[in-house]
Amino acid sequence: MLVWWGSEVECVSALARLKREGGLGPQALAVALKRLGQLATAWHEIDASDSVREAATRFVRVHPLRAADALQLAAAFLAAERRPATLEVITLDERLGAAARKEGFIVIDVESAE
């Protein structure tokens, strides 16, 4: 599994927001953070670089993406060695998924894969 260097921070941010908003209790948060930690020990990270920043800058200009999502897409783009059709992307974010499809990635629909 390949992930962007900032993915762990993004995940913890989303979990903390869910807890603050009452959508996640303390026990559920602890379980989620433990699972995230387990995943983090097994994934490979795409480091921050000038190439990632350049690709992300292009992606925010041509797709309706937030900066963090553009960085995710840029990391995938570089991991695929600029050949998006060679890499499958999994995301629950509709805008990121749409942009990835337009860039030529194979986007896995998690809901239909269950």
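Here are a few worked exercises on aromatic pairs, helix packing and some loop residues in this structure.

Before you start: this is a predicted model, where local features need pLDDT of at least 70, side-chain atom pairs count only at pLDDT 80 or more, and totals for chains, interfaces and linings use all residues. Residues are numbered from 1 along each chain as its sequence is written, and side-chain values use heavy atoms, with hydrogens and water left out.

**Exercise 1. Find the aromatic pairs and say how their rings are arranged.**

Step 1: Rings of Phe, Tyr and Trp (its six-membered ring) pair if their centres lie within 6.5 Å; planes under 30 degrees apart are stacked, over 60 edge-to-face, and the rest tilted.

Step 2: search the whole structure, and 2 aromatic pairs turn up. One of them joins Trp4 and Trp5, edge-to-face, at 6.0 Å centre to centre with 70° between the planes. Phe59 and Phe77 also pair edge-to-face, with 5.7 Å between centres and 90° between planes.

Step 3: Phe59 sits in helix α3 (residues 50-62) and Phe77 in helix α4 (residues 67-79), so their pair ties together parts 18 residues apart in sequence. Helices (H or I, at least four residues) and strands (E, at least two) are DSSP runs, numbered from the N terminus.

Step 4: check burial. Buried means under 20% relative accessible area, exposed over 50%, and partly exposed in between (1.4 Å probe, protein chains only). Phe59 and Phe77 are both buried, and Trp4 is buried too, at 8%.

**Exercise 2. Describe how α3 packs on α4.**

Step 1: Two packed helices are described by the angle between their axes and the distance between the axes. Axes here are lines fitted to C-alpha atoms, for helices over the stretch in contact, with angles running from 0 to 180 degrees between N-to-C directions.

Step 2: read off the geometry. The two axes come within 8 Å and cross at roughly 120°. α3 and α4 are therefore oblique to each other (under 35 degrees is roughly parallel, over 145 roughly antiparallel, 65 to 115 roughly perpendicular, the rest oblique).

Step 3: list who touches whom, with contact meaning heavy atoms within 4.5 Å. The α3 side includes Ala55, Ala56 and Phe59, and the α4 side includes Leu71, Ala74 and Phe77.

Step 4: sort by class. This contact of α3 with α4 has 13 nonpolar, 1 polar and no charged residues. For the bookkeeping, Ala, Val, Leu, Ile, Met, Phe, Trp, Tyr, Cys and Pro count as nonpolar, Asp, Glu, Lys and Arg as charged, and the others, Gly among them, as polar.

**Exercise 3. Which residues other than glycine have a positive phi, and where do they lie?**

Step 1: look at phi. Glu81 has a value near 55°, and Arg82 has one of about 65°.

Step 2: locate them. Glu81 is in the loop between α4 and β3 (88-90), and Arg82 is in the loop between α4 and β3 as well.

Step 3: check exposure. Glu81 is exposed, with a relative accessible area of 56%, while Arg82 is partly exposed at 48%.
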